[in-house]
Amino acid sequence: MIFHTADPKLRHLLDIVCEHLHLYSREPELTVEVKWASSPDQLPGWKKEKGCLHIVCRDAGEALMLIGRGLTQNDKAAETLEPRFSELAAMLDVSRNAVYTLPALKTFLCQLAMMGYTACYLYMEDTYELPGYPYFGYRRGRYSVAEQKELDQFAQSVGIELIPCIQTLAHLRTAIRWGYMQPMRDTIDNLMVGHPETEALVEAMIAHFSKTFHSRRIHLGMDEAVSLGTGRYLRSNGYRNHRDILMEHLHTVCRLCDKYGMQPMIWDDMLFRDRTPLMNYYGSSAPVSAEEAARYPDNLTFVYWDYYHDSKEEYEEQIRRRGNLKMAFAGGVWKWGGWVPNFTKSFQDSIAAAEACHQQGVQNILVTLWGDDGDETPLATVLPGLALYGLLRFGSAVPRQTDPFCRLFSDLPLAAYELMEKMDLIPGMPQENLEALIPHKLLLYGDMASELFQPVLTSDPDGLAAYYEDLSAQYAAHAQHTRSEGMQRILRLYQCLAQVLSARCTAAAALQTAGAMQSGRGGKKRALTAAAALLSEMETRVEQLHQQTVEVWSQERKGQGMEILDLRLGGIAARCKALRKRIELYNTGRIESLSELEEPFLPYQGILSQDGHTPGREAYGEIVTANTLCHQFSI
């Protein structure tokens, strides 16, 4: 797309955007006239007249937001915008193996600006270079100091505040593994509160970001430290209430933030879990009183995170629990269940949360993009969820209104993104996936011989195989109709994934049928031979999926971390090969039985959905086997 403008400041801004972001507008050219407002009270606005977009704005961020709306709000000729939330930020997880390349992040930041976002948090547990600590983030794809500064400067240029979101207490398992960290270690995940080296490390983190990023804000993490004080701390200091330990550390890190002119925020769950039985973060309790709020550092913002509830009333109840605390809210776009985003839950929960925040006067909204358990979902797939929050910043909105943004950034309709979620909306399962079930991931990684999942997920494996074959064809069709090379790659990835799942359904069913036959008869050997042929076909499809995964990963992310998906997908292919070999050994009389096929199937009894029998959202380690994947001490 070509922009024309006489304003040199806007011309420079649009040159930056066009260098990093391909726009697929119905208008190949657009003239933009800008009036830069000097008053902080001036509301931004736009109108279109005779092929010209007129915008009134205060800064680069507002200019890009107005251009984005001018290109997507096709049912309007003009808008004056009064935001319901003063800040809308995305929080991008770069700690669960996916460390995004600088070009990918620059594209992402441009998209955020055009959707009305004002900030972006980079969630970095140990994926940043920390001077003085050479093993911090070693082999993790960490951002160098130069990369951190380059990203910060680029974000500034498009009107986005880049904010470090780190961990200063828990979620530091990959950092704690190294020898130099052992004096600072409480448990496998938590730092040792009160140790001089712990304070020195945290001070180094805060001092570093006070020099690297322009933002004076820093998110210190401190969530889910449920084992705090139970490891080496306990042996050194004896038992101490976790809240007392937490408060000691909280005052220390906030004092350090004051020292370096930084404004801290934390995830607030550890300060609410002990208000309810069984450490339930989302329970009921009285609002935090002014007296209690005064016990916390006065420079601190508390971030209430919630992407689980489905009604406005539930979010309002939790917001009221914060009482006199200075708070922000963090919702999310569900990209952390498996290989595909969950839009039905993301859409419903985002609308409910945004309306609750608006009613309760919450002004600071974060949209988290977590990457739990390998970060298998490509970043580009979450566009509709981000666009919905961008629309909700300025008023009520519904999912279908995100379609113009999808077309603008990817040359695809919203329907193409919603099709991705169909991997999980299989026959017999709820078509609104509010429990975030992940049957596609259970089928992909679950063992076909020592089966845990398929008989619970479907009574018709051939029908489910046909369902996935049909999905594969639909992904292929959308890939042919978009000009976006990035989305072509992603859709071909999903085409391959659906083909693997189809083959898995038929191969697993054939294995179980053959395994149930009596030994010593020719029919069983013939059935096993047929199953081996299906395994061979599946292996071929898995190898195709693996190659496409490498291609998609390499366009978005650094190479470190990809080895996890190499191992997972390579493991599936190796398992197909091993099962074929065992069938050969059995059929030629070199082993007496296939014990993995002969053990009776039992209903799944891990994490279950509300119906009491459908497998819930499990991680890879619980999906891939009922056996020991690796032995690791918890302390």
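Analyst: Leaving aside neighbours within four places in sequence, L300 is in contact (heavy atoms within 4.5 Å) with L250, C254, P264, M265, I266 and K326. The model is predicted, so local features need pLDDT of at least 70 and side-chain atom pairs count only at pLDDT 80 or more, while totals for chains, interfaces and linings use all residues. Residues are numbered from 1 along each chain as its sequence is written, and side-chain values use heavy atoms, with hydrogens and water left out.

L300 sits in the loop between α9 (290–293) and β11 (301–305); helices (H or I, at least four residues) and strands (E, at least two) are DSSP runs, numbered from the N terminus. With a relative accessible area of 2%, L300 is buried, a term for values under 20%, with exposed over 50% and partly exposed in between (1.4 Å probe, protein chains only). From C-alpha to C-alpha, L300 and H251 are 9.8 Å apart in space, although 49 residues apart in sequence.

Turning to the helices, α3 (residues 102–114) and α4 (residues 145–157) pack at an angle of about 20°, their axes 10 Å apart. Axes are lines fitted to C-alpha atoms, for helices over the stretch in contact, and angles run from 0 to 180 degrees between N-to-C directions. The two helices α3 and α4 are therefore roughly parallel, the term for angles under 35 degrees, whereas those over 145 count as roughly antiparallel, 65 to 115 as roughly perpendicular and the rest as oblique. In this pair, L102, L105, K106, L109 and C110 of α3 meet E147, E150, L151, F154 and A155 of α4. The contact of α3 with α4 comprises seven nonpolar, no polar and three charged residues. Here Ala, Val, Leu, Ile, Met, Phe, Trp, Tyr, Cys and Pro count as nonpolar, Asp, Glu, Lys and Arg as charged, and the others, Gly among them, as polar.

A further pair is α19 (residues 522–556) and α20 (residues 562–587), whose axes come within 9 Å and cross at roughly 165°. That angle makes α19 roughly antiparallel to α20. The residues of their contact divide into 17 nonpolar, six polar and six charged.

Finally, the structure holds zero disulfides, that is, pairs of cysteine sulfur atoms within 2.5 Å. The sulfur of C120 is 9.9 Å from the closest cysteine sulfur, in C165, and so too far for a bond. C120 counts as buried, at 1% relative accessibility.
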